[in-house]
Amino acid sequence: MEYRKLGNSGAVVSAYCLGTMTFGAESDEATSFRLLDDYVAAGGNFIDTANVYSAGLSEEIVGRWLKSKSGVLRDLVITTKGRFPMGDGPNHLGLSRKNLREALDASLRRLGVEHIDLYQMHAFDTLTPLEETLRFLDDSIRNGKIAYYGFSNFLGWQLTKAVWLAKASGYQPPVTLQPQYNLLVRDIEHEIVPAALDADIGLLPWSPLGGGWLSGKYKRDQTPTGATRLGENPARGMEAFDKRNARSMTWEVIDAVEDIAKVNNASLAQVALAWVAAQPAVTSVILGARTTEQLKDNLGAAELVLSNEDVARLGGVSKPEMSDYPYGAGGIAQRNRNIAGGR
């Protein structure tokens with residue numbers, strides 16, 4: 001396993017991070033424990049969760065696993081997030097000091113830890129002054145509740161504003177940004193990647209397999225069925241089947257990934273993950289496996305080095321176009337907040 005600096009901090013994390021959004025939903029507790037065991041055994045030391053994952057159950061599962069493993073916490077970097085609704089009231093979400101104070105304390109309790117290594121703001125909040133959020137985060141570093149902080153789903157200008165506002169105010173700066181990034185969704189290269197490089201911010205890409213599309217599990221013009229995310233809900237989120245199936249580029253990218261996988265004796269998922277891990281500013285790629293078999297295959301990407309020719313072909317066939325994220329409806333929905341609250 002390769003290790004990299006956590007953005008502009010002095011902490012070190014593995015190039016592949018274990019995401020736990022499946023815990024308590026698609027993966028039961030016993031499976032989640034095995035995923036954590038296998039990930040750590042493979043050399044991984046970076047675990048990503050969020051208060052909103054399974055309404056807090058993901059954090060609880062990680063917390064119970066940590067409690068069952070004497071001494072393992074010292075070797076791990078734990079990150080969680082706050083921002084999205086954990087209740088129906090108008091102050092049960094957002095990046096206000098009120099909500100973040102309560103959200104952070106609740107995450108600490110669920111995880112059973114005294115501090116969070118990396119606390120991430122899950123999305124921008126148009127109602128809360130950024131100064132209020134940054135002051136809370138700086139205070140939380142000073143009082144020992146968090147070591148570092150970062151953002152998720154911020155646009156380039158939002159990240160840049162936060163970086164320079166923190167510097168101007170004498171606060172600790174952010175170290176990471178967690179955006180969606182994969183061969184089918186490369187729009188962050190327009191502004192977000194340059195902003196991250198400018199500020200020495202480390203990127204932690206989520207959905208590196210495009211919601212399973214880049215694993216090769218879906219077929220052209222065949223609506224998914226069965227025990228997959230799109231099989232259970234073909235209209236699910238930004239990776240909805242009909243929309244991506246209709247784009248010729250989707251299948252051109254998948255065909256290229258399949259060709260390169262055959263040449264390298266690798267799986268399609270490993271090729272797609274290795275491409276993301278090799279991109280500028282990327283610190284660690286978040287793996288969203290829900291079975292031990294998926295995780296084992298994903299971790300094989302750590303041993304795959306793509307040739308310059310492979311990288312060039314993938315880059316050419318997946319050249320970014322304007323799409324749903326971050327400038328379209330999907331991204332806008334994440335950045336907006338209903339003043340009346342609600343889920």
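**Labels and their cut-offs**

Reply: A search of the whole structure finds nine aromatic pairs. Rings of Phe, Tyr and Trp (its six-membered ring) pair if their centres lie within 6.5 Å; planes under 30 degrees apart are stacked, over 60 edge-to-face, and the rest tilted. This is a predicted model: local features need pLDDT of at least 70, side-chain atom pairs count only at pLDDT 80 or more, and totals for chains, interfaces and linings use all residues. Residues are numbered from 1 along each chain as its sequence is written, and side-chain values use heavy atoms, with hydrogens and water left out.

Me: Why is the pair of Y181 and W275 called edge-to-face?

Reply: The ring centres are 5.7 Å apart, and a pair needs centres within 6.5 Å. Helices (H or I, at least four residues) and strands (E, at least two) are DSSP runs, numbered from the N terminus.

Me: What makes Y181 count as buried?

Reply: Its relative accessibility is 2%. Buried means under 20% relative accessible area, exposed over 50%, partly exposed in between (1.4 Å probe, protein chains only). So Y181 is buried. W275 also has 2%, so W275 is buried.

Me: Why is M1 called partly exposed?

Reply: M1 has a relative accessible area of 31%. M1 lies in the segment before β1 (3-5).

Me: How do you know that D138 is buried?

Reply: The relative accessible area of D138 is 2%, so D138 passes the buried test. D138 sits in helix α4 (residues 130-142). D138 touches Y171 and Q172, not counting residues up to four places away in sequence. Contact means heavy atoms within 4.5 Å.

Me: What makes a group of residues a nonpolar core?

Reply: The members are buried Ala, Val, Leu, Ile, Met, Phe, Trp, Tyr and Cys residues, joined through side-chain atoms within 4.5 Å. The largest core here has 102 residues. F46, Y119, F151, L214, V271 and L314 touch the most other members. Helix α10 (residues 268-277) gives the largest share, nine residues. In soluble globular proteins, nonpolar side chains tend to be buried together.
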